Amino acid sequence: MKIERVELREVALPLVTPFRTSVGSQDHRNALLVQITTADGVIGWGECVAEDDPYYFAEYLSGEQEVLRRWLVPTLAAESDLRAAHVPGLLRSLRGHTMAKAAIEMAVLDAELRALGVSLARHLGAVHTSVPVGVSVGIMDTLDALVDAVDGYLVEGYVRVKLKIEPGWDLEPVRLIRETFGPDLDLQVDANTAYGPNDIPYLRRLDDFGLVLIEQPFDPDDLDSHVRLAARVDTPICLDESIRSARDAATALRIGACSIVNIKPGRVGGYLESRRIHDLCQATGVPVWCGGMLETGIGRAANLALAALPGFTLPGDISATARYYERDITAPFVLHEGRLAVPDGPGIGIEPNPDDLEAATTSVDVLTF
Ligand code: OSB
Ligand code: MG
């Protein structure tokens, strides 16, 4: 294909409930959508999952938008016979910016697969038509509010619960949720790097609660502390922020920094790199699951395709639309018995509803080639 036009569109979506983690709180999601049009008139959609500020990850929305506009898009638009499989190689010499790379790769992949009439799920090697999903529950003002929130999600049918934790909001909420909802609840925690090496003896106490995993307790660059914690706890350690590529995943697994990997396509540079991580983990029996970034329906559709691969043996942070937004830019994803359907139409299998897209749009930047 040849890219002829690219639209970088910012949308703002109010969250149904504020989402607080150890690195900050948000009450709305600003997302960056990438729409490409090829010389043949085929359209492809991508979503950049960078957040407004560089607290979770170094990349941030307006920075990724500039990187796309100045470097990534022009590099790909210069190709007369662009293929999605070549995108990572074409962008390799541009350092970092995995979230911007993932967004443009997704748009190219979507256009290519739409033209072929093949779904992203089938292209990636999906083996399921629906997947069980979990919910990520933010830090709350009170323990009562947390119990109410978890109760509501369990009534809706979510098959596992992830609690965000930080110092001062860890053992007590975890104990309470375990005691309230019983030993059969699949429960896990995510610290978003809130702890340090001196907390290792304290974190060992999480072993009392039968957790599925502990996600990213320490700094992204501090694999060493993860190795030391993993050696001292029975609960599996899972890495999120530390894994920026398949190579990172291989290293972390080899040295024992984790035994489970959270795969987020934006964080690792795209769906093709995500599949590579899946493949290497599957080959060694390491469970993986699909993380989430409060995506719009565009990113959620693609994450569902990825989560349908055989090695995704743990439920992902891919909740129903209603958990995030009253009004998304696509048709809503609805939970049925704890599962979401994997889109099976060509490409990512969904597109924005024009009215919803217009209502959410805060800026549009059009590039033509
Ligand atoms: O650490 O997994 C995380 C959201 C934004 C940034 C980081 C994370 C999260 C979540 C939400 O946990 C997952 C979701 O989209 O439901
Ligand atoms: Mg996480």
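In this predicted model, 41 residues of domain 1 are in contact with 43 residues of domain 2. Contact here means heavy atoms within 4.5 Å.

Now turn to ligand 1. Why does ligand 1 lie between domain 1 and domain 2? Both domains give residues to the shell around ligand 1, so the ligand lies between them. The space that ligand 1 takes is the second largest pocket.

Next, look at the shell itself. It holds 16 residues. Ser136, Lys164, Asn192, Leu294 and Tyr324 are the closest to ligand 1. What is the make-up of the shell by class? It has 8 charged residues, 5 nonpolar ones and 3 polar ones.

Several polar contacts can be picked out in the structure. Start with Ser136: one of its polar side-chain atoms lies 2.9 Å from an oxygen atom of ligand 1. Leu294 uses its backbone: a polar backbone atom of Leu294 is 2.9 Å from an oxygen atom of ligand 1. How much of the accessible area of ligand 1 does the protein cover? On its own, ligand 1 has 390 Å² of accessible area, and the protein covers 98% of it.

Definitions and conventions: Residues numbered from 1 in each chain as written. Chains lettered and ligands numbered in written order. Predicted model: local features only at pLDDT ≥ 70, side-chain atom pairs only at ≥ 80, totals over all residues. Heavy atoms only, no water. Near = heavy atom within 4 Å. Polar contact = N/O pair within 3.5 Å; in protein donor to acceptor, adjacent residues only side chain to side chain. Areas by Shrake-Rupley, 256 points an atom, 1.4 Å probe, with all protein chains shown as cover. 1 Å grid on protein atoms, 1.4 Å probe; cavity = no way out; pocket = protein on both sides within 12 Å on 5 of 7 lines; lining within 4 Å. Sits in = over half its atoms within 2 Å of the grid points. Nonpolar A, V, L, I, M, F, W, Y, C, P; charged D, E, K, R; others polar. Domains from an automatic or database assignment.
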